[in-house]
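Here are my notes on the model you sent over.

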Amino acid sequence: MKTVLVVGGLGYIGSHVVQDLTEHNYNVVVLDDLSEGHRESLNNSNVDFICANINDTGALENVFTKYSIDVVMHFSAFAYVGESVDNPQKYYLNNVCATINLLSAMLRHNVKKFIFSSSCATYGVPEYTPIDEAHPQNPINPYGATKLMVERILNDYHHAYDFDYCALRYFNAAGADPSGKIGESHRIETHLIPLVLKTLTGEKQNISIFGDDYETPDGTCIRDYIHVCDLSLAHRLAMELILDNGGSYCVNLGTGMRTSVKDIIKACEDITGRTVPVVVSRRRCGDPAVLVASTDYAKKLLGWSASYTNIHDIIKTAWNWEQNKKY
């Protein structure tokens, strides 16, 4: 069996990927510093866990010495856009410098297979939609800039060191594992669906709509929501492609479906039978009217397409988690 090092494997997306990998009989080693992840998400006794940060060169040396790692998956970036604007140093140190530290450890131990959690934030304000992988990359915040920097580093490493990778550019990750064992729980919640659901559990007083005067059918921003389990499958398929064939790839992960802020609110009300208290606020700087993925390349390269294409089905899994969450 192949051994996968999952860095940041106790976070939202990482924990779902870890579950998928173990269910498909991969040996999994998780490295996470618990700054954003949750130990409770690790409900599989077959997973080895090391509490450490990838800035810790000694800890990385111990991991790569102890385990025969075949491939590394990287989920340990900081991912709050607003925080990245307020404190860019934090983001460049963790998302770029620490990643280089991880890559250096891999090269020292001749591990040259890498799956990178990238983002549609690398594109910036779209020139056209749906966004394909050839779209210009002009990030408008430090978070997106750090993701793009790592993509460029990986491309250089591929040519210089025969280093194989796949960078997966997510659109809006959403939902939770249908079992309810793991789900979305952030230190600072910024994602729309859990914020709306928290108003329905009483954790939040209301939900803010940042602008209802966009040039969209209902005046609110449109996004592409992809279920976290579909993301997990795509990571495993990308890993298997890299293990079998090598290469260097950048791939969008989305559904191609267009869902507005008001669509999300209405779907949450439909599912829960409750009314969402809404406040309309001014637009946020840098919010594009529409962000939707072209999924053609993911289908062609990975044979992958999203199984959750109805926003109600995605929200049902998130609502199940929100009512019964374990952490």
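1. Let me start with a side-chain pair: Arg-284 and Asp-287 are joined by a polar contact of 2.8 Å between their side chains. Please keep in mind that this is a predicted model.

2. Where does Arg-284 sit? Its place is in the loop between E13 and strand E14 (290-291). With a relative accessibility of 44%, Arg-284 counts as partly exposed. Leaving out residues up to four places away in sequence, Arg-284 touches Phe-210 and Tyr-214.

3. Arg-284 and Ser-232 are 52 residues apart in sequence, and their C-alpha atoms are 30 Å apart in space. Ser-232 is touched by Asp-20, as is Arg-236, again not counting residues up to four places away in sequence.

4. Is Asp-20 buried or exposed? Asp-20 has a relative accessible area of 12%, so it is buried, the cut-off being under 20%. Asp-20 belongs to helix H1, which covers residues 12-23.

5. H1 is also part of a β-α-β unit: together with E1 and E2, H1 makes a right-handed one. Strand E1 (residues 3-7) and E2 run parallel and are joined by five bridges. Within this pairing, Thr-3 stands opposite Asn-27 in E2.

6. E2 pairs with strand E3 (residues 48-51) too, in the parallel sense and over four bridges. Here Asp-32 stands opposite Cys-51 in E3. Why is E2 described as largely enclosed by the rest of the structure? Because five of the six residues of this strand (residues 27-32) are buried.

7. Now to helix H8 (residues 261-272). Its twelve residues reach 17 Å from the first C-alpha to the last, close to the 16 Å expected at 1.5 Å a residue. The buried residues of H8 are Val-261, Ile-264, Ile-265, Ala-267, Cys-268 and Thr-272. They cover an arc of only 165° around the axis and therefore lie on the same side of H8. As background, an α-helix has 3.6 residues a turn, so residues three or four places apart point the same way.

8. What covers the buried residues of H8? The cover includes helices H6 (192-201) and H10 (311-324), along with strands E8 (207-210), E10 (225-227), E12 (259-260) and E13 (278-281). After H8 comes Gly-273, with a positive phi near 70°.

Conventions:
Residues are numbered from 1 along each chain as its sequence is written. This is a predicted model: local features need pLDDT of at least 70, side-chain atom pairs count only at pLDDT 80 or more; totals for chains, interfaces and linings use all residues. Side-chain values use heavy atoms; hydrogens and water are left out. Helices (H or I, at least four residues) and strands (E, at least two) are DSSP runs, numbered from the N terminus. Buried means under 20% relative accessible area, exposed over 50%, partly exposed in between (1.4 Å probe, protein chains only). Contact means heavy atoms within 4.5 Å. Two strands pair if DSSP finds at least two bridges between them. A crossover is right-handed if, with the strands pointing away from the viewer, the path from the first strand over the helix to the second runs clockwise. The expected span of a helix is 1.5 Å times one less than its number of residues. The arc is that of the directions from the helix axis to the C-beta atoms. A polar contact is a pair of N or O atoms within 3.5 Å; within protein, one must be able to donate a hydrogen and the other to accept it, and residues adjacent in sequence count only if both atoms are side-chain atoms.
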